[in-house]
Amino acid sequence: MAELLFFSGTMDCGKSTLALQMEHNHRARGRRGLVFTKHDRAGESVLSSRLGLSHPALEVHDDLDFWDLVVEQATGGRVIDYLICDEAQFYTPVQVEQLAKLVDEMHIDVYAFGITADFRTELFPGSRRLIELADRIQVPQVEALCWCGRRATHNARVVDGDMVVEGEQVVVGDISGGSSATVEYEVLCRRHYMRRMTSHAARAQAVSPEVLPFDLDLCPLPGAGRDAADPATGESRSGLA
């Protein structure tokens, strides 16, 4: 029985890599499908992952009708067993409904991959409709990590080095951390998202003489242990009572 599956998570949790793997697995077993994406980091009409893998894809524009496209392909004699739909958070609610119709009426498996919420913690319209209509919602097994080592649950937008919580919902960027980028994204745990504490802000506080030691104890930097120097005294933590 065909299904509409939504693989959802934060940025950097391997969604696009999983989409590419599923495309490979299904095609290797003789199944035939179509691959879609929208606003991919590598440009138009390509599905890419941060591991360097990529695959040609059909670019999804707001006026694309999935139902009409697949029916046209089927009428022309092409067999379609499944659809891989990456960056599905950017699809319109109507397009998500078209995908559900393809599952129910044409028995085509649809595998959608996308981010659940934006940098303001608000649901993307496409993700909201997928949550409402999907047969199953799955979280990728690879967990994205906050700079502190906890599981990342929120996507933060960083503009010119500062975390922002206002602005347009869709601004394409990446999490590479390149200094030349104006808009970047970083995944954070809820605690540090609420504190507006990105990895850059945490490093800045760690070297500031005005930061109280107990604040750093609550938010330790990766790799900081008992042998790390105390920021207030310069002495080893292991020597403190």
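Which residue of β7 is the bridge partner of S8? It is G114. The close-ups below show that pairing and other details of a predicted model, in which local features need pLDDT of at least 70, side-chain atom pairs count only at pLDDT 80 or more, and totals for chains, interfaces and linings use all residues. Residues are numbered from 1 along each chain as its sequence is written, and side-chain values use heavy atoms, with hydrogens and water left out.

**View 1**
Helices (H or I, at least four residues) and strands (E, at least two) are DSSP runs, numbered from the N terminus. Two strands pair if DSSP finds at least two bridges between them. Strand β1 covers residues 4-9. Strand β7 (residues 109-115) runs parallel to β1, with six bridges between them. The S8 to G114 bridge belongs here. Strand β8 (residues 136-138) is also parallel to β1, joined by three bridges. There, F6 faces I137.

**View 1. The two faces of β1.**
In a regular strand, side chains alternate between the two faces of the sheet. L4, F6 and S8 point one way from β1. L5, F7 and G9 point the other way. Buried means under 20% relative accessible area, exposed means over 50%, and partly exposed lies in between (1.4 Å probe, protein chains only). Six of the six β1 residues are buried, so the strand is largely enclosed by the rest of the structure.

**View 2. A three-stranded open sheet.**
The strand order is β10-β9-β11, and the pairing is antiparallel. β10 (162-164) and β11 (183-188) are the edge strands; each has a single partner, so one side of each lacks a neighbour in the sheet. From one strand to the next, the twist averages 45 degrees. (Axes are lines fitted to C-alpha atoms, for helices over the stretch in contact; angles run from 0 to 180 degrees between N-to-C directions.) Strand β9 (residues 154-159) is joined to β10 by three bridges. V159 has D162 of β10 as its bridge partner.

N155 sits in strand β9. Its relative accessibility is 6%, so N155 counts as buried. A polar contact is a pair of N or O atoms within 3.5 Å; within protein, one must be able to donate a hydrogen and the other to accept it, and residues adjacent in sequence count only if both atoms are side-chain atoms. A polar atom of the N155 side chain lies 2.9 Å from the backbone nitrogen of M11. A polar atom of that side chain is also 3.1 Å from the backbone oxygen of A117. Contact means heavy atoms within 4.5 Å. Not counting residues up to four places away in sequence, N155 touches T10, M11, I115, A117, D118, F119, E186, V187 and Y193.

**View 3. E87, annotated as active site.**
UniProt gives E87 the feature "active site" in an unreviewed entry. UniProt positions follow the numbering used here, feature names are shortened, and annotations may be inferred rather than shown by experiment. E87 lies in the loop between β6 (82-85) and α3 (93-106). E87 is buried, at 12% relative accessible area. Leaving aside neighbours within four places in sequence, E87 contacts S16, T37, K38, R41 and F113.

For "binding site", the unreviewed UniProt entry lists V170, V171, V172, G173 and Y185. Y185 is in strand β11. Y185 is buried, with a relative accessible area of 11%. The side chains of Y185 and R157 make a polar contact at 3.0 Å.

**View 4. Aromatic pairs.**
Rings of Phe, Tyr and Trp (its six-membered ring) pair if their centres lie within 6.5 Å; planes under 30 degrees apart count as stacked, over 60 as edge-to-face and the rest as tilted. The count by this rule is four aromatic pairs. F36 and F66 are edge-to-face, 4.9 Å centre to centre with 75 degrees between the planes. F36 is in strand β2 (residues 33-37) and F66 in helix α2 (residues 66-75), so the pair ties together parts 30 residues apart in sequence. Both F36 and F66 are buried. F90 and F124 are edge-to-face too, at 5.7 Å centre to centre and 85 degrees between the planes. F90 is in the loop between β6 and α3, and F124 in the loop between β7 and α4 (125-133), 34 residues apart. Both F90 and F124 are buried. One aromatic cluster is formed by F36, F66 and Y91.
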